[in-house]
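Work through these exercises with the model open. Try each task before reading its solution.

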Amino acid sequence: MKKFDIRNIRIRKVSVDDLDDRMLLINLYATQGFTFIIGLIWILFQHQNLFSMFTPPKELSFVYWGVGLAAAVIVVDLLIARFVPEEASDDGGVNERIFRTRPVWHIAVLSLVVAICEELLFRGAIQHAIGPYWTSIIFATIHVRYLKHWIPTGLVFSISYGLGWIYMQSGSILAPIIAHFLIDLIMGLIIRFRRES
């Protein structure tokens, strides 16, 4: 029997072009599953009630906060896309690869999974521990594909801070989940149908 030798492990940088569609999706869903588990464990260690966190408030103001932030982000993103050179906001082609050939229902599912998993970890757990500013710095940092350019990095930080702010204003994690879902869904649909035409 051959012994395992950790020195034989080789790590190499992989670009998005090296992944086929199936592997890209597996990577995306695995990352989100990992994010969800970390967020869930962290929330349990903080002794927060997960069920009350996801219980909708009686007033619908959390919906308005979510939709309002999503609308503002989409307008700003479209303005940036119109007036800023494409190379200044390049994400390495990841969003293009994820959304360009995906059916509409799958874009919606992806957007919902990402919104729930990331908001559970970042707004539900991390923001509860260190506040919206530092949470936004971590959020922008893990979106490593944007770090090469200051415009998308600043945009991701601002969106994250906005998500944290509406969480505090609405008192419900559902507000940032709605905003995150709508932002990803609409931007994914724009990528999908822009490429089709």
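**Exercise 1. Helices α1 and α5**

At roughly what angle do the axes of helix α1 (residues 21-45) and helix α5 (residues 104-142) cross, and within what distance do they come?

Solution. Some ground rules come before the steps. This is a predicted model, where local features need pLDDT of at least 70, side-chain atom pairs count only at pLDDT 80 or more, and totals for chains, interfaces and linings use all residues. Residues are numbered from 1 along each chain as its sequence is written, and side-chain values use heavy atoms, leaving out hydrogens and water.

- Step 1. Helices are DSSP runs of H or I with at least four residues, strands are E runs of at least two, and both are numbered from the N terminus.
- Step 2. Axes are lines fitted to C-alpha atoms, for helices over the stretch in contact, and angles run from 0 to 180 degrees between N-to-C directions.
- Step 3. The axes of α1 and α5 come within 9 Å and cross at roughly 30°. That makes α1 roughly parallel to α5. Angles under 35 degrees count as roughly parallel, over 145 as roughly antiparallel, 65 to 115 as roughly perpendicular and the rest as oblique.
- Step 4. The crossing of α1 and α5 is left-handed: the near helix is turned anticlockwise from the far one by less than a right angle, whereas clockwise would be right-handed.
- Step 5. By class, this contact of α1 with α5 has 19 nonpolar, five polar and one charged residues. Ala, Val, Leu, Ile, Met, Phe, Trp, Tyr, Cys and Pro count as nonpolar, Asp, Glu, Lys and Arg as charged, and the others, Gly among them, as polar.

**Exercise 2. Two residues compared**

Is Gln-32 buried or exposed?

Solution. 

- Step 1. Buried means under 20% relative accessible area, exposed over 50%, and partly exposed in between (1.4 Å probe, protein chains only).
- Step 2. Gln-32 is found in helix α1. Gln-32 counts as buried because its relative accessibility is 4%.
- Step 3. Leave aside neighbours within four places in sequence. Gln-32 is then in contact (heavy atoms within 4.5 Å) with Val-113, Val-114, Cys-117 and Glu-118.
- Step 4. His-47 lies in the loop between α1 and α2 (50-53). His-47 is not a glycine, yet has a positive phi of about 60°.

**Exercise 3. Helices α5 and α6**

How does α5 lie relative to helix α6 (residues 150-170)?

Solution. 

- Step 1. The axes of α5 and α6 come within 9 Å and cross at roughly 140°. That makes α5 oblique to α6.
- Step 2. α5 passes α6 in a left-handed crossing.
- Step 3. The residues of this contact of α5 with α6 divide into 11 nonpolar, seven polar and two charged.
- Step 4. Residues of α5 in the contact include Arg-123, Tyr-133 and Phe-139, and those of α6 include Phe-157, Tyr-161 and Met-168.

**Exercise 4. Helix α3 and the whole chain**

Which residues of α3 are buried? Then describe the chain.

Solution. 

- Step 1. In α3, the buried residues are Phe-62, Gly-66, Leu-69, Ala-70, Val-73, Ile-74 and Ile-80.
- Step 2. The chain has seven helices and zero strands.
- Step 3. Of its 197 residues, 41% count as buried.
- Step 4. Among contacts in the chain with a separation of 6 or more, 80% are between residues 24 or more positions apart.
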